[in-house]
Amino acid sequence: MSGGPVGVGFIGTGMISDTYLSHLRSFPDVRVLALGDLDTARAAAQAEKHGVPVSGTPEDVLAHPEVEIVVNLTIPAAHVPVSLAAIAAGKHVWSEKPIGVDRASARELLARAEDAGLRVGIAPDTVLGPGLQTARRAIARGDIGTPLSAQTSMQYVGPDVFHPNPDFLFARGAGPVIDMGPYYVTALVHLFGPVARVGAVGLRGRETRTVQVGDRAGAEFPVEVPTLVQAIAQFEHGATSQSVFSFDSPLTRTGVVEITGTEGTMIVPDPNTFGGEVRVMARPAPATVQGDPEWRIVPPVGVEAGRGLGVLDMARAIRGGGAHIATGALGYHVFDTLLAIEESVGTGRFIEVESTVGTVPLVPEDRDPFEATL
């Protein structure tokens, strides 16, 4: 396709497809053309709800001649097979996180895409939003001096309290580390650079869980992964972080990201969102150490949108050239780091993270997702 909006098709039309469809249908530079799912009735219902012209099977999406990007919203175990099928069909891929469930197949996906001259993008794309973009620019300006450390927290009772089919969120390739960790680790890599090594401890709060809502309420299923993990990380440039990932906490404390530097502390918005306030507290003068801290709100940069920004960024890069931001390489490094955290839990040792990634590009300040540019 030489010009004009980029055609998009979905494979997987479950819960998260609503937010993707709502946002992508509002971006003039993309056209959502087809939805596919193993449950074709579900795909048809979503197509009718969101005004998408074609629905059917995953194969129908892959065969659609005007679909250039496949948005892969399947369960983690299907991410690599579906993404490989899209590459084989000559389509670029945007995949929900994680990139896969093991390193070898994820590397194969990236290698096949590179050989085919096709792009892979991996969620989350929240780093493209004004919240994290503003934080990144504030750090680059020196608002908190040299960043030294971060604290993050993602803890609540678990997704079995609201998801009608939560089994996959407690299976290999998910759990609080692999399911929610990408938001926090991607944000930290965006702010600090690549991770060098990690150490962690963890456990499973319960060996089985019970579906609590929907048609399957009362059904039990096994827990395959740690559901409470405390991790520390050291980044290539020396900064450190400590993080809690839990599906076992009656007390909800999510979206916590605090960055400490030599000259101040920064509160970063929830990395599972695209906006929010960035606040900075300067290092206090000696006489005021015991006083109440004074927080300064950093003026936001950019236009707030939502999930689908990464797809839009890929679409514009396909037409205009250059790199997109939430690349497969970034998604793989984050995934590699999260697997290393799980391996540290299992072995009791620090684990070196073998992969690395370059500096994540910034979004241009004047970029508007709601502008027609193609």
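In this tour a residue is called buried when its relative accessible area is under 20%, exposed when that area is over 50%, and partly exposed in between, with a 1.4 Å probe and protein chains only as cover. The model is predicted, so that local features need pLDDT of at least 70 and side-chain atom pairs count only at pLDDT 80 or more, while totals for chains, interfaces and linings use all residues. Residues are numbered from 1 along each chain as its sequence is written, and side-chain values use heavy atoms, with hydrogens and water left out.

**The whole chain**

Along the principal axes, the C-alpha atoms fill a box of roughly 70 × 50 × 35 Å, and buried residues make up 54% of the 374 residues.

**Strand β7 and Thr152**

Next select residues 147-155, which form strand β7, and within that strand pick Thr152. Thr152 is buried, with a relative accessible area of 5%. Contact here means heavy atoms within 4.5 Å, and, not counting residues up to four places away in sequence, Thr152 touches Tyr184, Leu188, Gln242, Ser243, Val244, Val256 and Val257.

**Helix α6**

Now select α6 (130-141), a helix of twelve residues that reaches 16 Å from its first C-alpha to its last, close to the 16 Å expected at 1.5 Å a residue; the expected span is 1.5 Å times one less than the number of residues. Ten of the twelve residues of α6 are buried, so this helix is largely enclosed by the rest of the structure. The buried residues of α6 pack against β7, α7 (175-192), β13 (253-261) and β14 (264-268), which can be shown together with the helix. After α6 comes Gly142, whose phi is positive, near 90 degrees.

**Two cis peptide bonds**

From α6, move to the loop between β6 and α6, where Pro124 is found; a cis peptide bond joins Ala123 and Pro124, with omega about 10 degrees. A cis peptide bond also joins Lys97 and Pro98, with omega about -5 degrees, and Pro98 is found in the loop between β5 and α5 (103-116).

**Lys91**

Select Lys91 in the loop between α4 (76-88) and β5. Lys91 is buried, with a relative accessible area of 6%, and, leaving aside neighbours within four places in sequence, its contacts include Val61, His64, Glu68 and Leu118. Lys91 and Arg119 are 28 residues apart in sequence and 8.3 Å apart in space, C-alpha to C-alpha.

**Helix α8**

Finish at helix α8 (residues 309-320), whose twelve residues should span 16 Å at 1.5 Å a residue, which agrees with the 16 Å between its end C-alpha atoms. This helix is mostly covered, as ten of its twelve residues are buried, among them Asp313, Arg316 and Arg319. What covers the buried residues of α8 includes β1 (6-11), α1 (17-24), β2 (30-36), β4 (69-72), β5 (92-95) and β6 (120-122). Gly321 follows α8 and has a positive phi, near 85 degrees.

Technical notes:
Helix = DSSP H or I, 4+ residues; strand = E, 2+ residues; numbered from the N terminus.
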